[in-house]
Amino acid sequence: ERATLVAALALWRGTPFDGIRATWLDRVEGPRLVDRYLAAVERRIDLDLAAGAGSEVVGQLWELTARHPLRERFWEQLMTALYRAGRQADALEAYRRLYRALADELGVAPGAAVRELHRRILAGDPGLRRPAGRSGVPAPVPRQLPAAIRGFSGRGQSLAGLDAIADRAEEATAIAVIS
């Protein structure tokens, strides 16, 4: 799907019907085609983010948010990419910019999806650092310790040294480092 989107997006040549004067084309058909193009760009970036992209798409998303400052989906993708790139403060700044743009231009706050993402970024949600699986849910993080060591082989002298440390520290906590 991504390859098809990339090929289709490469065919885009700028403003639809540029140079043609027709009210219907300017008001109806042109905006419809631009919206379809932007939806395809959003989908391609969604696929990139699902594949683990972060800093790779940040530059393009800054450009898209500058061109389309009221399109919340681009801001949401930018915040996600910045957070994945380890730039939590920049992700929060992007939210602040979106919030200000929407308040100044339309008198509204960002939608529920962007507000939820902002909350998760504020909380430092580790689930945002990993791409979502096919179901859209972040892949689970393994939460188990490594398997127990069955024994040291050929480490008799090292083990005897550790035993000596433990014997000397009968009443205190003994700490030993093995490198």
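This briefing walks through helix packing, the nonpolar core and a few individual residues.

The model is predicted: local features need pLDDT of at least 70, side-chain atom pairs count only at pLDDT 80 or more, and totals for chains, interfaces and linings use all residues. Residues are numbered from 1 along each chain as its sequence is written, and side-chain values use heavy atoms, with hydrogens and water left out. Helices here (H or I, at least four residues) are DSSP runs, numbered from the N terminus.

**H4 with H6**

- Helix H4 (residues 72-84) packs with helix H6 (residues 112-122) at an angle of about 15°, their axes 10 Å apart. That makes H4 roughly parallel to H6, a label for angles under 35 degrees.
- Axes are lines fitted to C-alpha atoms, for helices over the stretch in contact, and angles run from 0 to 180 degrees between N-to-C directions.
- The crossing of H4 and H6 is left-handed, meaning that the near helix is turned anticlockwise from the far one by less than a right angle.
- From H4, Glu 72, Glu 76, Met 79, Thr 80 and Tyr 83 meet Ala 113, Val 114, Leu 117, His 118 and Ile 121 of H6. By class, this contact of H4 with H6 has 6 nonpolar, 2 polar and 2 charged residues.
- In these classes, Ala, Val, Leu, Ile, Met, Phe, Trp, Tyr, Cys and Pro count as nonpolar, Asp, Glu, Lys and Arg as charged, and the others, Gly among them, as polar.

**H2 with H4**

- Helix H2 (residues 23-50) and H4 pack at an angle of about 20°, with axes 11 Å apart. That makes H2 roughly parallel to H4, and the crossing of H2 and H4 is left-handed.
- On the H2 side, the contact (heavy atoms within 4.5 Å) is made by Leu 38, Val 41, Glu 42, Ile 45, Asp 46, Leu 49 and Ala 50, and on the H4 side by Arg 73, Phe 74, Gln 77, Thr 80, Ala 81 and Arg 84.
- The residues of the contact of H2 with H4 divide into 7 nonpolar, 2 polar and 4 charged.

**The nonpolar core**

- The largest nonpolar core has 29 residues, and those with the most contacts inside it are Leu 61, Leu 78, Met 79 and Ile 121. At least two residues of this core come from each of H1 (2-10), H2, H3, H4, H5 (88-105) and H6.
- Such a core is a set of buried Ala, Val, Leu, Ile, Met, Phe, Trp, Tyr and Cys residues joined through side-chain atoms within 4.5 Å.
- Not counting residues up to four places away in sequence, Ile 121 touches Met 79, Tyr 83, Gln 88, Ala 91, Leu 92 and Leu 128.

**Residues to look at**

- Ala 81, at 0% relative accessibility, counts as buried (under 20% relative accessible area; exposed is over 50% and partly exposed in between, with a 1.4 Å probe and protein chains only).
- Beyond four places in sequence, the contacts of Ala 81 are Leu 49, Gly 54, Ser 55, Val 57, Val 58 and Leu 61.
- Gln 77 is also in helix H4, and at 0% relative accessibility Gln 77 counts as buried.
- Leaving aside neighbours within four places in sequence, Gln 77 is in contact with Glu 42, Ile 45, Asp 46, Leu 49 and Leu 61.
- Trp 62 lies in helix H3 (residues 58-67) and, at 23% relative accessibility, counts as partly exposed.

Technical notes
Parallel < 35°, antiparallel > 145°, perpendicular 65-115°, else oblique.
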